[in-house]
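Visitor: I am new to this structure, and I would like to learn how to read it with some care. Could we look at the model together and take its features in turn?

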Amino acid sequence: MRAAQLLGVRTAADGQTSAWASLPGDGMGAILDPDALPDQIAGLLRLIGGLGILDGGQVAIGVGVNNPQMMSVGRVSGQPRQRATSLMLSNEPIHVPPDELMTLAALGPGAAEVGRTLSRTLIDAVSPRR
């Protein structure tokens with residue numbers, strides 16, 4: 001099994017800040033886990049908030065998967081899978097753009113709630129492509 005890992009954080013000159021990470025996976029590819037994804041997204045949001053570089057009262061948050069090839073939706077069990085169900089074979093990125101402005105609390109105390117909402121939205125975006 002391969003654990004999710006933070007891969008990078010970037011802040012552009014205009015203030016747009018991004019954080020990205022790998023998904024957990026195994027030898028059969030990445031796993032989009034509905035149970036683990038909310039915490040992973042919340043952790044990335046808290047990381048961005050912890051940088052303390054965003055000012056203003058509101059933020060717009062989007063999520064996505066840039067390389068969904070060989071990704072499946074399922075549970076990370078800690079054991080290598082014998083088979084993958086609902087495998088994605090497309091290499092087309094999946095992006096869920098921001099749909100509303102949120103307060104900076106989304107990058108701190110509200111990160112868990114935002115992580116749950118964004119993970120459901122991302123998994124819903126993936127579902128029609130399977």
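Visitor: Which residue is the bridge partner of Gly 8 in β2?

Guide: The bridge partner of Gly 8 in β2 is Trp 20. Please keep in mind that this is a predicted model, in which local features need pLDDT of at least 70 and side-chain atom pairs count only at pLDDT 80 or more, while totals for chains, interfaces and linings use all residues. Residues are numbered from 1 along each chain as its sequence is written, and side-chain values use heavy atoms, with hydrogens and water left out.

Visitor: What are the pairings of β4?

Guide: Strand β3, residues 25–26, pairs with β4 in the antiparallel sense over 2 bridges, with Ala 30 in β4 as the bridge partner of Gly 25, and a hairpin joins β3 to β4 through 2 residues. β4 also pairs with β7, residues 71–73, in the parallel sense over 3 bridges, where Leu 32 has Val 73 in β7 as its bridge partner.

Visitor: How do the axes of α1 and α2 cross?

Guide: Axes are lines fitted to C-alpha atoms, for helices over the stretch in contact, and angles run from 0 to 180 degrees between N-to-C directions. The axes of α1 and α2 come within 7 Å and cross at roughly 125 degrees. That makes α1 oblique to α2, since angles under 35 degrees count as roughly parallel, over 145 as roughly antiparallel, 65 to 115 as roughly perpendicular and the rest as oblique.

Visitor: What volume does the largest pocket have, and which residues are closest to its centre?

Guide: Rolling a probe the size of a water molecule over the atoms shows where empty space is left. On a 1 Å grid over the protein atoms alone, probed at 1.4 Å, a pocket is an open set of points with protein on both sides within 12 Å along at least five of seven lines, and lining residues have an atom within 4 Å of a point; a volume is the space filled by probe spheres set on the points, which are joined across faces, edges and corners. The largest pocket has a volume of about 1,100 Å³. Of the 36 residues that line the largest pocket, Ala 19, Trp 20, Gly 62, Val 63 and Gly 64 are the closest to its centre. α1 gives the most to this lining, with 6 residues.

Visitor: What is the volume of the second largest pocket?

Guide: The second largest pocket has a volume of about 220 Å³. Its lining has 16 residues, with Asp 99, Glu 100, Met 102, Thr 117 and Leu 118 nearest the centre, and α2 supplies the largest share, 5 residues.

Technical notes:
Helix = DSSP H or I, 4+ residues; strand = E, 2+ residues; numbered from the N terminus. Pairing = 2+ DSSP bridges.
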